[in-house]
Amino acid sequence: MSITKEEILNYKTRYTTELYQLTRKEQAEDELYYKDSFEVPEVKKPHYIYRSGIGVRIVDAPAEHIVTRNPQAFFDVRKGGKESGLQISKVVNQVWLDVLRRQNPSVFKENIKQQLGYGEAYIKVLHNENWVKGNRLDLPVHFIALNPMVVYGSPEEDVNGIPDRVIVWYQRQHSEVIVRYPKWSDPKKSERANDKSKQVEWFEYWDKDVRYFEADGEPVLTGEPTPNEGIQPNIYGFVPFIRKYSGFGRRAPDGELSSLIVSDIRYSRDLIREECATRSNIASVEYLFAHKPITLVVPIGTKKEDIEEMGWGAYAYNIIYSNDVNGVKKLDMDITISPEMLAHHANVRAELNQRHPFIMAGFPMGTSGRQQDMTEI
């Protein structure tokens, strides 16, 4: 075991503050458009922002269509006879995939959504301790779809998409760490006394030889060969993470990962914001002036009670007193939406639909139960 704790922490600093800095900035902005919480400075008061959720449909709609209802796994046997491959295929397709298919949320859909929404996806593969202890009703391994914004993989990887080393860094629930690692001393317990969220800074390091975990800066793994530093051998012999890029980016000459890790949202952000701004202005005009107040010019001395008796229903009215004695006059203020504005909004929506055709695709429907089932396979 040649790596030291200092070297591991140096990897953490390099990956989180240098290698992935611009990538995380782009992904954080993509997430704003996915959650429909991005700012729209083009919409001014008293207009109101009306959001349509296009970002969600750009990511979620393709996942619903790409992921089949009946996934299948195929195997190439490197050693042994054909029968062993058939036996493995039978177990995985009839047992493993059936369990994974019924998981909520679906690991298959989560993987696709992360590729589309963040530009990359990670599956963490860990052994199931319950299965090892004899519970054969569960899977022997866990397939965990992690949020890629907390995973920092090395640019180098093998042909199966396994990075040479992986760092996981995020805020974890305090109670989870206490239960999982009872010997952890909780070094920031006094600082967290009034903290209702009870968050712990969690850090993992993996390479094919070792693993290292710490919480709030304190190692949580114990045992040989380096109990003081908390570094343990990686019993798997490989990094238990599989990475998949979206395919929308390309490698940059300078190695900048933000050029390779590209979501399906990134180059449509301005269109999404433009659609939101145009929609908001159109809707605001309709709502503000659907019940527009009535302005009356009345002679000086006219009693307000006389005007109220006319009955205005739900409409408000404003009174302007004038020296004109020729009676009550109504000033019309008619603000309408121009055909050009409606056409512009339609053009923006059409361009979005062209770039992301799945947002217009409905769910397949059949006229019978069997036909419906066939459309989802």
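Here are some questions and answers on how this predicted model is described.

Q: What makes up the chain, in helices and strands?
A: The chain has eleven helices and twelve strands. Of its 377 residues, 38% are buried.

Q: Why is arginine 266 called buried?
A: Its relative accessibility is 11%, and buried means under 20%. The value falls under the cut-off, so arginine 266 counts as buried.

Q: Where is arginine 266, and which residues is it in contact with?
A: Arginine 266 sits in the loop between strand S9 (241-245) and H8. Neighbours within four places in sequence aside, arginine 266 is in contact with Glu26, Asp30, Ser258 and Ile261. Here contact means heavy atoms within 4.5 Å.

Q: How do you know that the span of helix H2 is close to the expected one?
A: Helix H2 covers residues 21-34, which is 14 residues. The expected span is 1.5 Å times one less than the number of residues, and for H2 that gives 20 Å. From first C-alpha to last, H2 reaches 20 Å, so the span is close to the expected value.

Q: Which residues of H2 are buried, and what covers them?
A: The buried ones are Thr23, Arg24, Glu26, Gln27, Asp30 and Tyr33. Their cover includes H3, helix H5 (107-118), strand S1 (120-127), strand S3 (151-153) and H8. Glu26 and Asp30 of this buried group are also in contact with arginine 266.

Q: What follows H2?
A: Aspartate 36 follows H2, and its phi is positive, near 60°.

Q: What makes a space a cavity, and how many of 30 Å³ or more are there?
A: In a cavity a 1.4 Å probe fits but cannot get out. The structure has one cavity of 30 Å³ or more, and the volume of the largest cavity is about 40 Å³.

Q: Which residues line the largest cavity?
A: The lining consists of Tyr33, Asp36, Phe38, Arg51, Ser52, Gly53, Ile54, Gly55, Ile272, Glu275 and Cys276. Helix H3 (54-66) and helix H8 (269-290) each give at least two residues, and H8 has the largest share, with three.

Q: How does the lining of the largest cavity divide by class?
A: Five residues are nonpolar, three polar and three charged.

Q: How much space lies in the largest pocket, and which residues are closest to its centre?
A: The largest pocket holds about 1,200 Å³ of space. Its lining has 32 residues, and Ala73, Ile123, Val125, Phe143 and Ile242 are the closest to the centre. Helix H4 (82-101), H5, S1 and S9 each give two or more residues to this lining, and H4 gives the most, with five.

Q: How many residues lining the largest pocket are nonpolar?
A: The lining of the largest pocket has 25 nonpolar residues, along with four polar and three charged ones. Ala, Ile, Val and Phe count as nonpolar, so the residues closest to the centre, Ala73, Ile123, Val125, Phe143 and Ile242, are nonpolar.

Q: What is known about the second largest pocket?
A: The second largest pocket contains about 660 Å³ of space. Among its 26 lining residues, Lys124, Leu126, Arg180, Tyr181 and Phe213 are the closest to the centre. By class, the lining of the second largest pocket has 14 nonpolar, six polar and six charged residues.

Methods: Residues numbered from 1 in each chain as written. Predicted model: local features only at pLDDT ≥ 70, side-chain atom pairs only at ≥ 80, totals over all residues. Heavy atoms only, no water. 1 Å grid on protein atoms, 1.4 Å probe; cavity = no way out; pocket = protein on both sides within 12 Å on 5 of 7 lines; lining within 4 Å. Points joined across faces, edges and corners; volume = space filled by probe spheres on them. Helix = DSSP H or I, 4+ residues; strand = E, 2+ residues; numbered from the N terminus. Buried < 20%, exposed > 50% of the residue type's maximum accessible area, 1.4 Å probe, protein only.
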